[in-house]
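Please look over the sequence and the structure shown here. A briefing on selected parts follows, grouped by topic.

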Amino acid sequence: MCKLQGLNLSDDKVFLNANLKDYLTFKVDSMVKAIIEPTSVKELIIAVKYCNENNYDYKVIGNGSNILPIKSSLNLIVITTKKICKQAKKHKGLVTFSAGTYICEAVLWCKNKGLSILEKLYGLPATIGGAVVMNAGAFGGEIFDKLVSIKVLENGKVKTLKKSQMKYSHHNTSLIGSGQIVLSATFSFEKCSKAEIEQAIKDVLAKRRAKQPKGYSAGSVFKCVDNIPAGKIIEDAGLKGTKVNDAVISTKHANFILNNGNATYKDIKILIELVESYIKKVYNIELKREIEYLGEQDDSNRRLPYSH
Ligand SMILES: Cc1cc2nc3c(=O)[nH]c(=O)nc-3n(C[C@H](O)[C@H](O)[C@H](O)COP(=O)(O)OP(=O)(O)OC[C@H]3O[C@@H](n4cnc5c(N)ncnc54)[C@H](O)[C@@H]3O)c2cc1C
């Protein structure tokens, strides 16, 4: 591909034959056809419509903190929401954030206004859009708890979806695979003193630091099994510290795989498969992945028939 002909965005927002590495918290190499970096919701809509109209497979990503590419080269255009100018708005007892806003930015913005909203998720390296799509959660809270509605782009049209129009459960929503692109999300909040919110943030950060390792990862690799943390099962199996080259099962939290610097997507995938097959063999438990493989058949956001 030499140019995205007809895409109405400036050249400094379009990177052809680009490496996804810096867009993923796993920091592994994987080439894609192009990476588009819209800087506004309007430009995000332009990019998505362009891909739909030209029948390009594409994937909208946030901070890439739940994604492992599984090929060295992907036939995809990636559109990141990370560079979208952060927008936050308080209106009629609600707050709205644009999809590319980081969770931490949203919490701090609210804190400065004395609004309690998503403190339990503080420290999650996610965007609002990515967290809504996955119904991210931590320490007994989920992003859907205070979600009121979202704006999505669907079939080229912007529409509002109320919470009641979406299905959601632990780390799962009906948005996954729907082809709907989240543009913004609106939440309710509670009035609270800044000091109380600050304390809540400190408490959550302390818990996160105590439980989770530092380093390049995509958070928990596997889902809970009947409410038993996958990390406990993997730890009990004695797999902490198991390595494939620079991919290693954290010694602090057995459900985290770390890239110690030079791990490839293959190293991480082999390690994931090794854990899956060992746990199946020893306990007859089928672990389900929480992280998303990018490059599996049919994982493009170009899902729904597009009407011009
Ligand atoms: C250190 C670490 C700790 C973590 N801890 C937790 C935790 O405590 N709890 C938890 O739930 N998760 C955790 N995670 C995983 C991850 O942060 C969450 O899954 C998060 O929701 C992903 O957000 P993201 O913006 O990075 O999305 P991405 O990883 O970029 O994308 C995730 C999915 O959402 C889709 N998507 C993203 N933005 C949009 C959009 N605007 N419109 C449509 N689709 C979109 C993507 O296509 C993809 O399918 C952790 C990850 C790391 C690295």
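## Briefing

Asn-55 sits in the loop that links α1 and β3. The model is a predicted one, in which local features need pLDDT of at least 70, side-chain atom pairs count only at pLDDT 80 or more, and totals for chains, interfaces and linings use all residues. Residue numbers start from 1 along each chain, as its sequence is written. Helices (H or I, at least four residues) and strands (E, at least two) are DSSP runs, numbered from the N terminus.

**Confidence**

- pLDDT is the predictor's confidence in each residue, on a scale from 0 to 100.
- The protein chain has a mean pLDDT of 93, and 96% of its residues reach 70 or more.
- For residues 303-308 the pLDDT is below 50, and this stretch has 13 contacts in the model beyond near neighbours in sequence.
- Two residues are in contact if their C-beta atoms, placed from the backbone, lie within 7 Å.

- Helix α1 covers residues 41-53, which is 13 residues.
- From first C-alpha to last, α1 reaches 18 Å, close to the 18 Å expected at 1.5 Å a residue; the expected span is 1.5 Å times one less than the number of residues.
- A residue is buried if 20 or more other C-beta atoms lie within 10 Å of its own, exposed if 12 or fewer, and partly exposed in between, with C-beta atoms placed from the backbone.
- The buried residues of α1 are Val-41, Glu-43, Leu-44, Ala-47, Val-48, Tyr-50, Cys-51 and Asn-52.
- These buried residues pack against β2 (31-36), β3 (58-61), β5 (73-80), β7 (94-98), β11 (147-154) and β15 (181-188).
- Asn-55, which follows α1, has a positive phi of about 55° although it is not a glycine.
- Asn-55 counts as exposed because it has 9 C-beta neighbours inside 10 Å.

**Strand β15 and its partners**

- In β15, 7 of the 8 residues are buried, so the strand is largely enclosed by the rest of the structure.
- Strands β7 and β15 run antiparallel and are joined by 5 bridges; two strands pair if DSSP finds at least two bridges between them.
- Ser-98 has Ser-184 in β15 as its bridge partner.
- Strands β11 and β15 also run antiparallel, with 6 bridges joining them.
- Val-182 in β15 stands opposite Val-152.

**The open sheet of β17, β18 and β19**

- An open sheet is formed by 3 strands in the order β17-β18-β19, with antiparallel pairing.
- β17 (243-244) and β19 (257-259) are at the edges and have a single partner strand each, so one side of each is left without a neighbour in the sheet.
- β17 is joined to β18 (residues 247-249) by 2 bridges.
- Ala-247 in β18 stands opposite Val-244.
- Strands of a sheet pair through backbone hydrogen bonds, either parallel or antiparallel.

**The shell around the ligand**

- Among the 32 residues around the ligand, those that come nearest are Gly-62, Ala-126, Gly-129, Gly-130 and Gly-219; a residue is near a molecule or strand if its C-beta atom, placed from the backbone, lies within 6 Å of it.
- At least two residues of this shell come from each of β3, α3 (128-134), β9 (137-138) and β15.
- α3 gives the most to the shell, with 5 residues.
- The shell holds 15 nonpolar, 15 polar and 2 charged residues.
- Ala, Val, Leu, Ile, Met, Phe, Trp, Tyr, Cys and Pro count as nonpolar, Asp, Glu, Lys and Arg as charged, and the others, Gly among them, as polar.

**Three further residues**

- Ile-77 belongs to strand β5 and is buried, with 29 other C-beta atoms within 10 Å.
- Not counting residues up to four places away in sequence, Ile-77 touches Val-32, Lys-33, Ala-34, Ile-36, Cys-51, Tyr-56 and Tyr-58.
- Ile-77 and Tyr-56 are 21 residues apart in sequence, and their C-alpha atoms are 7.1 Å apart in space.
- Lys-92 lies in the loop between β6 (88-91) and β7, and its phi is positive, near 45°.
- Lys-92 is exposed, with 5 other C-beta atoms within 10 Å.
- Lys-120 is in the loop between β8 (115-116) and α3, and is buried, with 21 other C-beta atoms within 10 Å.
- Lys-120 touches Ala-138, Phe-139, Gly-140, Gly-141 and Val-204, not counting residues up to four places away in sequence.
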